[in-house]
Amino acid sequence: MLEPKPALSFHAGQFIELTAPGVGEAPFTPSSSPYVEESMEVTIMKVGRVTSKLFDVRPGDTLAVRGPYGVPYETDRYEGRHVLIVGGGVGLAPLRSLFLALLHNVSAYKKIHLYYGARTPKDIVYDRLFKEWGKIKNVEIRRSVDVGDKNWKEKVGVVTVLLDNLPFKPKDGLAVACGPPVMMKFVTKRLLELGFADEDIYLSMEKNMSCGFGKCGHCRLGELFCCKDGPVITWDRIKHLEDPFV
Amino acid sequence: MRSLFLPLASIPAFYTQLAKYGETYHPRVLDSHAIYELWREEEIAAEELHQALKMVRPVEPLKEFFLRSRERVASFPQLFSKDIKPKVIVGAKDCDIRSLIEIQDNVYLKGVLEDPFYKERREKYLVVTVDCPEPADTCFCLRIGGKPYSVWGGDLNLSFGEEGIIVDVLSAKGEEAVEKMGDFLKEVDKKEIKKRDKHRTDAERRLAKVNPDEFAPDLPDRIEHQLDTTFWAKALANCVDCQACERICPTCYCFLLYDIPVGKGVERVKVLDWCYHAAYGRVGGGVNPLAHFSHRLRNRFECKFMAFPRNFKVSACTGCGRCIAGCTGKIDIREVLRAL
Ligand SMILES: Cc1cc2nc3c(=O)[nH]c(=O)nc-3n(C[C@H](O)[C@H](O)[C@H](O)COP(=O)(O)OP(=O)(O)OC[C@H]3O[C@@H](n4cnc5c(N)ncnc54)[C@H](O)[C@@H]3O)c2cc1C
Ligand code: SF4
Ligand code: SF4
Ligand code: SF4
Ligand code: FES
């Protein structure tokens with residue numbers, strides 16, 4: 001939980017650069033609602049130098065943050081349609097702020113479908129929040145794990161198994177996905193098979209980033225820059241590339 | 001635009017006059033290459049300076065003056081300010097000035113944010129471009145939107161006439177520098193201009209002879225569709241991964257930000273970066289989409305000849321030939337482009 005001073009407002013889909021003191025910075029997408037302005041939550045997976053240092057941070061410590069950067073989700077395009085959110089692993093963290101933003105105006109959409117896959121029941125993020133979300137009218141939740149345990153009653157299999165028997169017609173909706181590259185690749189393939197239009201598949205493209213605003217070159221993906229043209233990019237803009245998910 | 005005349009013998013005095021505007025760098029010959037040197041009002045023969053001006057682009061790319069290879073860009077909690085003083089850079093060629101205007105300016109002055117340090121240097125530094133009467137075998141500006149002489153983009157341009165040098169005033173900054181010289185520069189004679197024009201056509205002819213073929217007009221598409229890793233691996237067969245080609249390129253613009261602890265605070269440093277670095281594309285946890293060198297090579301071509309032209313209508317290469325001249329593996333970028 002961050003309390004940026006002065007308050008830093010963002011739109012779902014945008015990201016920030018967060019500094020671990022003395023180590024460096026890394027891009028993160030807030031996982032809290034953009035409607036909450038006085039604080040911001042970030043869900044972080046410990047994978048390397050910056051993220052490890054952030055795990056040592058204690059309440060009350062001062063961090064540096066800059067942003068927000070990137071293009072928000074075009075939520076007004078979603079109104080009156082089914083919104084399918086597909087998350088894999090910690091990829092749900094950035095989708096959470098979109099989900100919360102949609103909940104803020106939940107009746108504007110036909111229905112919000114939150115589909116989530118994790119490796120095992122233990123790897124599920126926001127496990128306890130799912131129970132509350134499941135009670136909300138206009139929200140459908142599906143979950144799967146690659147490997148279940150004796151208490152697991154929901155689906156078993158990779159996240160694409162959740163896309164069978166969709167309760168709406170793909171042309172009445174759009175899909176938003178975030179997760180590890182292989183998951184994104186197979187989810188996109190499946191969404192296309194199901195008949196989602198190229199421009200209705202929203203993908204969070206997470207490349208190496210340094211500056212966050214289209215200068216340093218690192219996040220280039222074809223002719224786009226994930227930081228300033230994304231990080232959320234629709235499939236029609238990258239489908240000509242060899243393998244955008246490597 | 002107005003044109004003035006500088007007799008050859010007055011080149012040293014001209015540099016001293018320019019130095020009134022700011023610290024002046026000029027080309028000097030070293031081992032048959034031109035390199036930039038600070039003008040210290042030493043006794044250097046006018047003829048030697050003249051020879052240096054006639055050489056093709058200096059070894060160092062012009063961007064070195066504007067984008068430092070390593071520079072502090074922020075600090076916390078103590079703040080800092082930079083005192084950027086005017087400078088004069090004599091000896092940039094068309095391929096160099098275009099690398100600023102068509103490439104670096106697009107990156108560093110446009111878009112979401114501008115780089116304040118780059119901007120200030122662009123505003124304060126005076127660039128004196130110089131014609132190339134003797135293009136080298138590695139030069140190919142003519143085939144990539146340039147000329148062996150510059151009629152726009154710099155502040156002053158020097159070209160070679162019959163008996164001396166023609167000074168074209170190309171910008172308000174150039175005018176300011178010339179005004180500081182009083183009546184140091186003279187009226188230019190028509191026959192000087194005539195000779196200059198001949199030098200220019202001869203240089204173009206020579207370049208066309210060295211580079212007889214145009215590049216394919218659809219290079220961006222060709223790169224997009226060249227997905228065969230063996231093509232890139234072959235293009236790279238003699239590469240020893242020294243990264244000279246990228247370090248010396250006037251158009252490569254990538255950088256990396258990192259932090260260093262200083263006292264009780266932190267400084268953020270910006271270093272120029274190269275996509276041939278194995279860690280360039282590395283993301284959290286060690287996953288690397290550009291792990292294989294053939295991917296990084298393709299990335300360089302994608303950046304220069306696909307993404308940049310699609311975004312800015314111009315290739316991120318000005319044909320300066322530095323990467324050819326500097327390559328340990330004797331790889332010629334023109335051949336790779338033709339093979340596509
Ligand atoms: C838009 C966006 C949003 C994101 N949102 C989230 C989020 O909400 N939650 C989350 O957990 N993650 C998120 N990530 C991923 C997160 O940014 C990475 O996990 C983080 O950058 C890892 O940093 P690290 O220093 O801990 O990892 P490391 O693996 O230590 O380092 C990764 C970075 O440091 C460089 N690096 C490391 N070692 C070297 C070396 N020896 N030489 C050169 N370079 C090196 C790499 O090139 C890379 O840039 C997001 C990423 C993006 C692009
Ligand atoms: S200069 Fe030549 S050898 Fe060195 S990295 Fe570039 S292509 Fe390879
Ligand atoms: S790629 Fe080579 S020829 Fe082109 S601008 Fe860079 S160094 Fe010059
Ligand atoms: S590439 Fe053209 S402009 Fe550059 S040094 Fe050679 S001849 Fe001059
Ligand atoms: S992060 Fe620097 S260009 Fe995108």
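A polar side-chain atom of A:Asn208 lies 2.9 Å from an oxygen atom of ligand 1, a polar contact in the sense of a pair of N or O atoms within 3.5 Å. On its own, ligand 1 has 970 Å² of accessible area, of which the protein covers 77%, with accessible areas taken from the Shrake-Rupley method with a 1.4 Å probe and, for residues, only the protein chains shown counting as cover. The model is predicted, so that local features need pLDDT of at least 70 and side-chain atom pairs count only at pLDDT 80 or more, while totals for chains, interfaces and linings use all residues. Residues are numbered from 1 along each chain as its sequence is written, chains are lettered from A and ligands numbered from 1 in the order in which they are written, and side-chain values use heavy atoms, with hydrogens and water left out.

**Ligand 1**

- Ligand 1 lies between chains A and B, and of the 22 residues around ligand 1, the nearest are A:Pro27, A:Thr43, A:Met45, A:Val50 and A:Thr51, where a residue is near if one of its heavy atoms lies within 4 Å.
- A backbone N or O atom of A:Pro27 is found 2.6 Å from an oxygen atom of ligand 1, and a polar side-chain atom of A:Thr51 is 2.5 Å from an oxygen atom of ligand 1.
- At least two residues of this shell come from each of β2 and α1 of chain A, helices (H or I, at least four residues) and strands (E, at least two) being DSSP runs numbered from the N terminus.
- The shell around ligand 1 comprises 11 nonpolar, 7 polar and 4 charged residues; Ala, Val, Leu, Ile, Met, Phe, Trp, Tyr, Cys and Pro count as nonpolar, Asp, Glu, Lys and Arg as charged, and the others, Gly among them, as polar.

**Ligand 4**

- Ligand 4 is surrounded by 13 residues, of which B:Cys95, B:Cys132, B:Cys139, B:Cys141 and B:Gly319 are the closest.
- By class, the shell around ligand 4 contains 8 nonpolar, 1 polar and 4 charged residues.

**Loop residues**

- A:Val47, in the loop between β2 (24–28) and α1 (49–55) of chain A, has a relative accessible area of 38% and is therefore partly exposed, the class between buried (under 20%) and exposed (over 50%), with a 1.4 Å probe and protein chains only.
- B:Ala9 sits in the loop between β1 (2–7) and α1 (11–18) of chain B, and B:Ala9 counts as exposed because its relative accessibility is 67%.
- The C-alpha atoms of B:Ala9 and B:Asp197, which are 188 residues apart along the chain, are separated by 22 Å.

Terms used. A polar contact is a pair of N or O atoms within 3.5 Å; within protein, one must be able to donate a hydrogen and the other to accept it, and residues adjacent in sequence count only if both atoms are side-chain atoms.
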